[in-house]
Amino acid sequence: MTRNDFTPALRRLARDQDRVATVAQLTAIGVPQSLVRERVRPGGRWQRPLPRVIVLHAGPLSVGQRCRAALGFAGHPEAAAMVTGTAALALHGIEAAPLPSGVPVVDVLVPAERRIRTHTWVRVHHAPGLPAPELAGGVPVAPLARAAADGVRESCDAEWAGDVIRELVTYAGVRPDAVAAALGDAVLARRPAVGALLAELDTGIRAALGLARALVIRAGLRQPLWRPVLRVDGSYLASPDAYWARDGVALDLGPANGRGRLEALGVRVLRIAPAALARHPGEVVGTVREALAAGPYGPLERITVLPGD
């Protein structure tokens, strides 16, 4: 195959995979190994950040490109692998991630029988059974609870771990018991503060949701979906405490973490402090009525709503 023959396929590969490819993929579309060696030389147009992985430019790698490169090193797409830990949280859009220093290490999850090992900035986790991956930015990533568990397990920053867990539970709709199960008893025993935070969040969420449900019923408001999962164009968007799907109105009872994702789409987000449900129920009902009457908001046709609690 001549250079002109493989050029269109190379352009498609670069476009579809954010300019990250494995050596095997390049070989499969007919790129000569001599050309690869020429372009990854010092000062060349490409780079080889990891064994078996080529990045089709010479500049710094974005977080997404680092994740794709780590997956390529782990054998993806030929073999099962997914990003987990802090990098996966960043791709999921969790605002508490990445750490202030960026994503110096990319964690990848592979089947237990794989012999691949940690290499430079790729940390490999072996698991007897992999969860079903989700796509974030076109990259296969572990579900939020598993990604958070791997990130918290590897982090020495207790404050960061608490911020991640709060955002997952109060905004992203991850149940505290799911996070606890992903962490496991051994980790919770070593980190009693994490276990106490999960128990506190679980109690607070149940109490606030109970008050909100009762208030909606007493006021005769149209029933929303409680703790649904919202996806936009097929990708995870958010899991607000309540969502009126016909109106594009979301109720947020927790901290304001990440609400910008909904508001950026034009969804009306009502930020209600849990204490206001008991102290100022009339004001809360008035706010909800006004929002529902003024809607609908946002691109409702792009938002898929999956039932939650």
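User: What should be kept in mind about numbering and confidence?

Analyst: Residues are numbered from 1 along each chain as its sequence is written, and side-chain values use heavy atoms, with hydrogens and water left out. The model is predicted, so local features need pLDDT of at least 70 and side-chain atom pairs count only at pLDDT 80 or more, while totals for chains, interfaces and linings use all residues.

User: Why is α6 called roughly antiparallel to α7?

Analyst: The axes of helix α6 (residues 144–154) and helix α7 (residues 158–170) come within 10 Å and cross at roughly 170°. Angles over 145 degrees count as roughly antiparallel, on a scale from 0 to 180 degrees between N-to-C directions, and therefore α6 is roughly antiparallel to α7.

User: Which residues of α6 and α7 meet?

Analyst: In α6, L144, A148, G151 and V152 meet W160, A161, V164, I165 and L168 of α7, where contact means heavy atoms within 4.5 Å. The residues of this contact divide into eight nonpolar, one polar and no charged, with Gly counted among the polar residues.

User: What makes α4 mostly covered?

Analyst: Buried means under 20% relative accessible area, with a 1.4 Å probe and protein chains only. In helix α4 (residues 63–73), ten of the eleven residues are buried, among them R66, C67 and F73. Just after α4, G75 takes a positive phi of about 105°.

User: Which residues have the most contacts inside the largest nonpolar core?

Analyst: They are V83, L89, V106 and L183, in a core of 79 residues, to which helix α9 (residues 192–219) gives the most, with ten residues.

Key: Helices (H or I, at least four residues) and strands (E, at least two) are DSSP runs, numbered from the N terminus. Angles under 35 degrees count as roughly parallel, over 145 as roughly antiparallel, 65 to 115 as roughly perpendicular and the rest as oblique. A nonpolar core is a set of buried Ala, Val, Leu, Ile, Met, Phe, Trp, Tyr and Cys residues joined through side-chain atoms within 4.5 Å. Buried means under 20% relative accessible area, exposed over 50%, partly exposed in between (1.4 Å probe, protein chains only).
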